[in-house]
Amino acid sequence: MRLYLVQHGDAVAEDIDPERPLSDKGRADVERLASFLGKSGTRVHHILHSGKLRAWQTAQLLAPLLAEGETLEAQDGLGPNDQPQAFLDTLGEDDVLVAGHMPFVSKAVSIALGAPSDHGLVAFKPGSVAVLETHGNSGWRLIGFVRPEFL
């Protein structure tokens with residue numbers, strides 16, 4: 001099972017638009033990420049997002065190249081300050097992509113890899129993805145991490 005944790009793309013400032021949609025840069029970064037992941041053969045069964053506009057827009061840009069069927073959905077518990085352990089405990093065997101926020105995505109990586117949630121094991125930036133993999137009860141491994149400047 002693979003878990004793709006994506007920090008939403010760069011968003012406009014709250015004083016420009018309180019809903020904080022993706023900026024032009026954020027949209028371009030996520031489109032490059034979608035292309036990169038699509039070319040690598042990445043396919044996921046579920047694409048989840050927090051319901052916030054910037055996460056939903058990120059998920060929508062990723063879905064056409066990565067989703068197997070209609071699997072895009074908002075899910076409670078994926079907000080910036082939600083605790084990832086409860087979410088990690090619900091995962092089954094299907095590959096999942098989460099379009100989420102900081103610090104949630106960073107905490108999820110740390111917890112999955114057995115570190116305290118505040119360790120920040122990977123340096124997320126908007127439009128980044130961390131890829132974790134597990135087989136049964138073998139624990140999680142970080143198998144990939146990409147930031148927009150590398151695409």
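The following legends describe close-up views of a predicted model.

View 1. Six strands form an open sheet. Read across the sheet, their order is β3-β2-β4-β1-β5-β6, and the pairing is mixed. Strands β3 (72–74) and β6 lie at the edges, each pairing on one side only. On average, neighbouring strands of this sheet are turned by 20 degrees against each other, with direction ignored.

**View 2. Pairing of strands β1 and β4.** Strand β1 comprises residues 2–7, and strand β4 comprises residues 96–100. The two strands run parallel and are joined by 5 bridges. Within this pairing, Gln-7 has Gly-100 of β4 as its bridge partner.

**View 3. Helix α2 on the sheet.** Helix α2, formed by residues 53–66, packs on the sheet. The strands that helix α2 touches are β1, β2 (46–49), β3 and β4. The direction of helix α2 makes about 170 degrees with that of β2.

**View 4. The surroundings of Arg-147.** Arg-147 belongs to the segment after β6, a strand that spans residues 140–146. The side chain of Arg-147 reaches the backbone oxygen of Ala-123 at 3.1 Å. A polar contact of 2.6 Å links the side chains of Arg-147 and Glu-149. When neighbours within four places in sequence are left aside, Arg-147 is in contact with Ala-123, Lys-125 and Ser-128.

Key
Residues are numbered from 1 along each chain as its sequence is written. This is a predicted model: local features need pLDDT of at least 70, side-chain atom pairs count only at pLDDT 80 or more; totals for chains, interfaces and linings use all residues. Side-chain values use heavy atoms; hydrogens and water are left out. Helices (H or I, at least four residues) and strands (E, at least two) are DSSP runs, numbered from the N terminus. A polar contact is a pair of N or O atoms within 3.5 Å; within protein, one must be able to donate a hydrogen and the other to accept it, and residues adjacent in sequence count only if both atoms are side-chain atoms. Contact means heavy atoms within 4.5 Å. Two strands pair if DSSP finds at least two bridges between them. Axes are lines fitted to C-alpha atoms, for helices over the stretch in contact, and angles run from 0 to 180 degrees between N-to-C directions.
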